[in-house]
Amino acid sequence: MIGIRDLEFAYTDSDFRLRIEELSVAPASTTAFIGPSGSGKTTLLNLIAGILLPDSGTVETNGTVVTDLSERERRAFRVEGVGLVFQEFELLEYLTVLDNILLPYRINSALRLEPAVRDRAAALAERVGIADKLNRLPRRLSQGERQRVAVCRAVLTDPPLLLTDEPTGNLDPVNREKVLDILFDYVHESGTTLVSVTHDHEILERFAEVVDFRSFHAFGPSA
Amino acid sequence: MSGTSYLALRYLVFHRWKTAVLVTALTLILFLPVGLRVLVRQSSEQLTSRAEATPLLIGAPGSPTELVLNSLYFGSDVPATIPYTESDLVEGTGLATPIPLYVRFRVREQPIVGTTPEYYGFRNLELADGRLPAILGEAVLGAAAARALEVGVGEHVISSPESVFDIAGVYPLRMLVTGVLEFSDTPDDNAVFVDIKTAWVIEGLGHGHQDLARPEAAAGVLRREGNVVIGNASVMQYNEITSENIDSFHFHGDPSAFPATAVIAVPADDKASALLQGRYQDGSTVQIVRPDAVMADLLGTVFTVERYVVAGAAIVGLATLATALLVFLLSLRQRSRERETLSKIGGSPAAITALMGSEIVFVLATALTLAALLTWLASRYGAEAARAVVGL
């Protein structure tokens with residue numbers, strides 16, 4: 001589960017300030033963060049993932065108090081425990097689909113790229129319908145296919161927590177449904193916790209929980 | 001291969017043209033100063049060693065450089081000639097052994113060196129196959145010349161006409177190859193050696209033709225004036241010297257006045273050398289030069305030019321390095337989003353730095369390897385190529 005208490009965060013170069021007294025996300029649940037732009041949804045994802053550190057308060061994920069970890073420990077926590085999917089996919093243009101999926105194993109010396117990992121990458125690609133495109137470069141893929149590659153990359157390490165930031169923001173309706181099907185099928189089968197930032201209210205019914213950031217009264221200049 | 005090295009290689013392969021340009025630029029700036037230095041040093045060593053092995057050179061007044069380049073390196077510029085008698089005069093002094101040279105004609109690109117048998121011993125040239133020329137019309141080839149002309153012992157080479165438009169000029173002479181020399185890594189490798197009299201035959205100073213006294217040559221007789229038979233244009237001249245026609249070959253004029261481009265003088269000792277040089281101090285009809293001094297002058301100029309070129313190359317190199325650095329920095333800036341992504345999915349700053357650093361290392365390592373290869377090629381083949389370029 002995810003537990004957040006008395007969290008305060010501000011960027012040094014802006015007036016934005018995020019304040020959350022308490023927020024919890026149940027394990028193996030699906031939660032959507034909604035709210036207007038600039039309300040702190042993506043910032044909270046980054047805080048949960050340990051990419052950012054709050055000015056005060058605690059973030060606890062699956063029993064680990066992320067805010068107590070050093071930079072190195074937070075990185076290790078992210079590698080082992082968090083899968084990330086971005087709105088812009090963030091695939092590396094110079095890597096093939098397979099190498100993009102395997103990227104966490106290429107860039108983290110803590111992870112060993114063994115044949116079983118390659119097999120898992122191929123199996124994931126098969127599952128999301130891009131098995132015949134493993135040797136293609138991202139520029140030769142459709143938007144929907146790129147996001148599917150990004151999903152495969154995020155779940156390759158079988159993380160207990162999947163954080164997605166506008167995963168369907170750049171997709172047409174058909175691809176949006178496909179990607180959501182893939183995500184939800186995966187989290188239901190694996191028991192992964194899914195937290196997703198979205199502006200798309202049409203997809204909210206798929207989520208078990210919806211957190212509206214307006215309810216926090218947590219944005220705007222600090223008093 | 002580590003993950004970061006793999007990613008770096010994929011990046012460079014993906015941007016192959018950008019990488020190729022960068023590698024080429026870095027290779028050139030690394031190679032140019034070093035390669036040029038190696039090339040110049042090696043060429044100068046070869047030129048100097050041959051010059052130092054040639055004590056004195058006697059030739060017509062004029063450019064000492066041209067005389068030395070033609071006589072030692074068989075350059076294509078032919079200096080004014082001196083009469084062959086100069087060789088006899090040197091011998092007559094008892095101060096030095098003369099070796100006459102007549103370097104004017106060519107077999108395709110290969111210079112024909114008309115000389116005497118003493119030349120081979122003087123240059124320590126050994127036969128790889130066959131024997132030295134014994135009679136008129138025979139030739140022995142340097143190793144590279146045999147390879148270039150694709151001929152061996154028992155085959156023939158033909159002297160090239162000096163001008164295809166001059167029908168009254170030098171006629172080609174077909175010569176039997178009697179031997180091929182061992183490779184010596186000197187200009188001798190590219191030469192076709194003949195007896196100096198054979199060179200005179202090529203020039204037309206000696207020739208062979210039908211015997212007009214014989215009945216089958218009657219059609220060639222223009223008229224008879226007493227014992228003198230004057231032939232007409234139909235008289236057949238021989239363009240090859242064989243055992244059947246060698247007796248018909250003869251020279252017109254005084255052989256002592258026949259041309260030589262130079263005479264190598266090999267003095268018995270330093271004193272003989274000094275005395276001989278003293279005798280030619282006048283220099284009005286012939287000049288005597290010390291090839292090592294001539295080459296030292298020439299190479300002094302070359303070294304000065306080399307220093308300027310190397311300095312220029314170094315400046316261009318620094319500018320190129322600065323540009324390459326700028327390219328890398330701009331590339332890093334352009335890839336800030338990629339770095340952010342790598343960081344988010346768990347890439348440590350060290351791993352990300354290693355990735356970007358590996359790209360620089362790969363580019364530099366490739367450029368260094370190529371520059372080293374080019375430098376090796378320059379040291380191996382550069383001097384030969386430089387000689388070919390400047391016609392030596």
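**Cavities and contacts**

The second largest cavity has a volume of about 100 Å³.

Colleague: Which elements give two or more residues to the lining of the second largest cavity?

Modeller: This is a predicted model. The lining consists of Tyr11(B), Leu12(B), His15(B), Lys18(B), Thr19(B), Leu22(B), Val327(B), Phe328(B), Ser331(B), Glu359(B) and Val363(B). The elements that supply two or more of these residues belong to chain B: α1 (3-14), α2 (16-52), α9 (291-334) and α11 (349-389).

Colleague: How do the residues of that lining, in the second largest cavity, divide by class?

Modeller: Among the lining residues are Leu22(B), Ser331(B) and Glu359(B). Sorted by class, the lining of the second largest cavity holds six nonpolar, three polar and two charged residues.

Colleague: What is the make-up by class of the contact of α1(B) with α2(B)?

Modeller: From α1(B), the residues Tyr11(B), Leu12(B), Val13(B) and Phe14(B) meet Arg16(B), Lys18(B) and Thr19(B) of α2(B). By class, this contact of α1(B) with α2(B) has four nonpolar, one polar and two charged residues.

Colleague: Which element gives the largest share of the lining of the largest cavity?

Modeller: About 120 Å³ of space lies in this cavity, and the structure holds four cavities of 30 Å³ or more. Its lining is made of Arg78(A), Val79(A), Val82(A), Gly83(A), Leu84(A), Pro104(A), Arg153(A), Ala154(A), Thr157(A), Lys344(B) and Ile345(B). In chain A, α2 (71-81), β6 (82-85) and α6 (143-155) each supply at least two residues of the lining. The largest share, three residues, comes from β6(A).

Colleague: How many nonpolar, polar and charged residues does the lining of the largest cavity have?

Modeller: Lining residues of this cavity include Val79(A), Gly83(A) and Arg153(A). The count by class for the largest cavity is six nonpolar, two polar and three charged.

Colleague: Does Ala313(B) count as buried or exposed?

Modeller: Ala313(B) lies in helix α9 of chain B. Buried means under 20% relative accessible area. Because its relative accessibility is 13%, Ala313(B) counts as buried.

Colleague: What distance separates the C-alpha atoms of Ala313(B) and Pro33(B)?

Modeller: Leaving out residues up to four places away in sequence, Ala313(B) touches Leu32(B) and Pro33(B). Ala313(B) and Pro33(B) are 280 residues apart along the chain, and their C-alpha atoms are separated by 6.0 Å.

Notes. Residues are numbered from 1 along each chain as its sequence is written. Chains are lettered from A and ligands numbered from 1 in the order in which they are written. This is a predicted model: local features need pLDDT of at least 70, side-chain atom pairs count only at pLDDT 80 or more; totals for chains, interfaces and linings use all residues. Side-chain values use heavy atoms; hydrogens and water are left out. On a 1 Å grid over the protein atoms alone, a cavity is a set of points where a 1.4 Å probe fits but cannot get out, and a pocket is an open set with protein on both sides within 12 Å along at least five of seven lines; lining residues have an atom within 4 Å of a point. Grid points are joined across faces, edges and corners, and a volume is the space filled by probe spheres set on the points. Helices (H or I, at least four residues) and strands (E, at least two) are DSSP runs, numbered from the N terminus. Ala, Val, Leu, Ile, Met, Phe, Trp, Tyr, Cys and Pro count as nonpolar, Asp, Glu, Lys and Arg as charged, and the others, Gly among them, as polar. Buried means under 20% relative accessible area, exposed over 50%, partly exposed in between (1.4 Å probe, protein chains only). Contact means heavy atoms within 4.5 Å.
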